[in-house]
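Here is a brief report on one protein chain. Look over the sequence and the fold before reading on.

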Amino acid sequence: MARHFESQLDFIFFFYGLSFILLGALCLVLARGRDDDRGTTIRLIGLFGCVHGANEWLDMLALIAGDSTEFLVVRAAVLTASFVLLAEAGRNGGITRDLAMPGPWIYIPILVAIGAIGFVDGIESAKAATRYLLAAPGAILVAFTVFTGRHHDLHMNRSLMAGVAIAFALYAVAAGMIVETAPFWPARTFNQEMFQRVTGVPIQLVRGLIAVALAALIWAAWGRRVMETLDYPGYSLHLKRQFVGVLTTLLLVLALGWALTDYLGEIHRDDVESEAAGDVALLVSGLERETTIADAMVKAIAASPSVQLLLGDRESGRVTNLSMLEIDAGVIHAMRGLIVNRAGDIVGSSDSSDQSWLGMPNLRSVDWFEQAIAGRPVHQIRVDPPQRVPTYLTASPIRDAQGEIQGIAMLEISLETLAELMTRFDQAFFVVDARGLVIITNRRDELFRTLWPRPDLPRLQIAEQFGASGRTMLAREIFGGDWVEFGGRRSYVLRQPIDSTQMSLVLVIPVKGIFASRLLGIIITLQVAIAVLFYFFGMDRGVRDRFERKLREELLSQTEDLARQAATDPLTGLANRMKFDARLNEELARSQRSGRPFSLIIFDIDHFKEVNDIYGHPVGDQVLVRLSRTVGASVRQSDLLARWGGEEFVILLADTEAAAAYETAKKLRLLVAHTIFEHVGTITASFGVAQVMPGDHADTLVARADNALYRAKLNGRNRVELSLPVIEVVELSPTA
């Protein structure tokens with residue numbers, strides 16, 4: 001599992017950064033419009049999330065495009081800035097909880113200490129110190145602030161706030177205590193490598209999941225606040241559905257994006273592995289071609305009859321058949337050819353410098369002689385320390401007619417020409433011995449260095465022989481093919497043993513192309529995630545506008561209903577006296593401006609008290625309702641029929657002179673007299689008519705119409721009387 005996650009670090013960094021950017025955006029939205037201390041804390045957390053998420057994407061770019069010292073410093077600075085924002089959010093939250101907190105000056109010594117640690121121990125140590133000094137205390141203070149403030153913010157759900165506090169406490173552990181490996185305690189022991197080794201999961205994935213949980217909890221809190229702001233049952237249901245829909249869709253997009261990214265990377269990965277296998281086979285075949293010729297030649301020498309005679313010559317110090325060895329060795333351009341007897345004495349050599357050794361048993365303890373005299377094949381690629389020339393040594397036993405080993409034939413050829421040709425190869429390759437020591441390579445700086453750590457091999461031994469440093473390019477020994485860090489960069493490393501030797505060929509291919517393919521999957525995932533968020537939140541904006549419009553319409557309708565109820569008689573549904581007074585004043589003002597006339601008709605039911613006394617008030621109410629509907633259906637839409645009070649009604653006739661109003665009143669009198677009322681039968685009504693006159697105001701006009709109605713009552717009821725300008729109220733009095 002650890003190897004799998006290690007190959008997915010680019011997508012994990014993308015997921016990590018996306019989670020924190022979403023968290024930051026939600027916090028900034030939640031803090032909008034809040035100018036109190038809590039709003040400041042939430043806003044700082046939002047800025048932290050955005051900056052920290054951007055830093056994780058910078059780490060992803062470093063992994064994809066390669067890193068440099070300058071880029072590492074920039075990323076460390078952005079990381080520090082993000083944790084300063086987190087620490088400031090915690091400090092501000094602590095102040096709101098009346099804790100004794102230092103002022104902003106506290107960041108000066110902290111940043112100076114981090115800079116000093118980075119200068120002395122390196123950037124990784126500075127990043128570890130940043131997490132200890134800023135991230136851990138900042139996250140803990142934020143968790144404390146949120147948890148203790150869950151009772152104070154009425155807009156937030158207490159359980160959601162408690163969940164946010166727990167998530168920040170977990171983040172304090174994941175981001176503030178599990179840090180980069182550094183040469184001081186506890187970073188030397190409790191670090192990211194230890195966590196991945198124990199759990200099999202990179203800590204970045206855990207931090208990203210915590211950010212997702214925080215974003216979900218804060219989004220739920222934001223949704224609750226919106227639901228309380230827009231108190232509409234349908235919108236609350238919509239928000240709940242949207243919450244589930246967005247989370248489900250985003251998780252599905254991320255899962256499919258991860259699969260797509262891995263698939264695209266796997267396609268290129270297979271191509272790279274196939275190319276590497278072909279390149280390794282080509283390089284190994286070049287080496288094996290040289291070694292196979294030497295192996296065949298040394299076997300031919302060992303089987304030569306003249307060699308038997310050479311071994312049978314017991315005369316010490318005399319060299320025989322030297323020319324034959326020189327000729328055979330010269331055919332393959334061997335550096336040296338030797339014939340050694342069972343005692344380890346050199347009895348024949350192609351090199352004249354070896355003549356002083358003849359007859360001396362100085363090869364008995366040499367490793368290749370021990371292997372060959374025991375009947376085991378000898379195939380060694382090695383380096384001559386003084387000259388640093390790569391050579392191939394092969395030896396074959398010399399047997400008599402009975403098959404007994406009588407001596408050893410050895411040839412050693414130079415691989416310098418082959419090595420020179422191989423250095424023209426594009427990809428980095430290394431021919432290493434069993435110790436991991438580089439013998440042949442096209443990377444001159446790595447020659448005579450060990451590729452992987454060898455704790456069983458004293459470093460001084462290599463350093464003394466070849467002057468090589470103890471630095472290794474690989475963190476561990478590679479068997480077969482693997483995707484690992486090589487020289488600080490993700491690479492595919494393929495190791496192929498060279499037949500019949502203890503040597504291996506190691507080929508290294510940087511994964512720039514693979515990460516480019518995976519980057520395409522990440523970009524597609526990001527685009528789809530953004531499209532999903534735009535769709536859901538765009539839809540939410542539309543739904544919210546629709547619900548707000550409905551709410552406004554309902555409020556407007558309620559307002560209109562209230563206004564209508566305030567201007568309407570509750571029994572008959574006609575305009576009430578307040579509505580009539582307002583309309584009368586409007587008509588008076590219009591008449592005064594334009595000089596156009598209008599008239600009033602006031603009428604009431606004759607002997608209505610008897611109806612109530614005989615049939616009861618409910619029947620009387622039915623008579624009033626029926627009368628209002630009957631008269632209302634007979635007047636013009638431009639006229640206003642209103643209930644004046646009790647059994648009295650009034651009609652305002654726009655643009656109507658007295659004569660026309662009088663005729664209208666007569667028609668209405670006949671209409672009322674011929675209408676059959678349930679339970680009652682027929683009734684009659686008396687009418688008074690008045691036209692507006694110059695100098696009239698509301699009271700005088702109504703008084704004249706009322707006087708006309710009074711005269712109709714005095715003159716026998718069920719009749720219409722027209723108001724004359726000279727008539728006064730006192731003149732119509734029954735006592736006048």
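**Overall.** The model is predicted. The protein chain holds 21 helices and 15 strands. Of its 736 residues, 49% are buried. Among contacts with a separation of 6 or more, 63% join residues 24 or more positions apart. The accessible surface is about 35500 Å². Carbon and sulfur atoms supply 59% of that surface.

**A helix pair.** Helix 6 (residues 123–148) packs against helix 7 (residues 158–176). The angle is about 170°, and the axes lie 8 Å apart. An angle over 145 degrees counts as roughly antiparallel, so helix 6 is roughly antiparallel to helix 7. Helix 6 contributes residues including Ala135, Ala139, Ile140, Val142 and Phe147. From helix 7 come, among them, Met161, Val164, Phe168, Ala172 and Gly176. The residues of this contact divide into 18 nonpolar, one polar and one charged.

Five strands form an open sheet in the order 7-6-10-9-8. The pairing is antiparallel. Strand 7 (438–441) and strand 8 (481–486) are at the edges. Each has a single partner strand, so one side of each lacks a neighbour in the sheet. Neighbouring strands are turned by 30° against each other on average, direction ignored.

**Strand 6.** Strand 6 covers residues 428–432. How many of its five residues are buried? Five of the five are, so strand 6 is largely enclosed by the rest of the structure. Ala428, Phe430 and Val432 are buried on one side. Phe429 and Val431 are buried on the other. Three bridges join strand 6 to strand 7, and five join it to strand 10 (residues 504–510). Both pairings run antiparallel. In the hairpin of strand 6 and strand 7, five residues lie between the strands. There, Gly436 takes a positive phi near 85°.

| Residue | Opposite residue | Strand of the opposite residue |
|---|---|---|
| Phe429 | Leu507 | strand 10 |
| Val431 | Ile440 | strand 7 |

Another open sheet of five strands has the order 12-13-11-14-15. Its pairing is mixed. Strand 12 (640–645) and strand 15 (720–722) stand at the edges. Each pairs with a single strand, so one side of each is left without a neighbour in the sheet. Here neighbouring strands are turned by 20° against each other on average, direction ignored. Strand 11 (residues 598–605) and strand 14 (residues 685–691) pair in the antiparallel sense over seven bridges. Helix 20 (residues 658–673) packs on this sheet. Helix 20 touches strand 11, strand 13 (648–654), strand 14 and strand 15. Its direction makes about 170° with that of strand 14.

**A buried alanine.** Ala211 sits in helix 9 (residues 203–229). Is Ala211 buried or exposed? Its relative accessibility is 0%. Buried means under 20%, so Ala211 counts as buried. Which residues does Ala211 contact, leaving aside neighbours within four places in sequence? They are Ser19, Phe20 and Leu23. Ala211 and Ser19 are 192 residues apart in sequence. In space, their C-alpha atoms are 5.5 Å apart.

Key. Residues are numbered from 1 along each chain as its sequence is written. This is a predicted model: local features need pLDDT of at least 70, side-chain atom pairs count only at pLDDT 80 or more; totals for chains, interfaces and linings use all residues. Side-chain values use heavy atoms; hydrogens and water are left out. Helices (H or I, at least four residues) and strands (E, at least two) are DSSP runs, numbered from the N terminus. Buried means under 20% relative accessible area, exposed over 50%, partly exposed in between (1.4 Å probe, protein chains only). Contact means heavy atoms within 4.5 Å. Accessible areas come from the Shrake-Rupley method with a 1.4 Å probe; for residues, only the protein chains shown count as cover. Axes are lines fitted to C-alpha atoms, for helices over the stretch in contact, and angles run from 0 to 180 degrees between N-to-C directions. Angles under 35 degrees count as roughly parallel, over 145 as roughly antiparallel, 65 to 115 as roughly perpendicular and the rest as oblique. Ala, Val, Leu, Ile, Met, Phe, Trp, Tyr, Cys and Pro count as nonpolar, Asp, Glu, Lys and Arg as charged, and the others, Gly among them, as polar. Two strands pair if DSSP finds at least two bridges between them.
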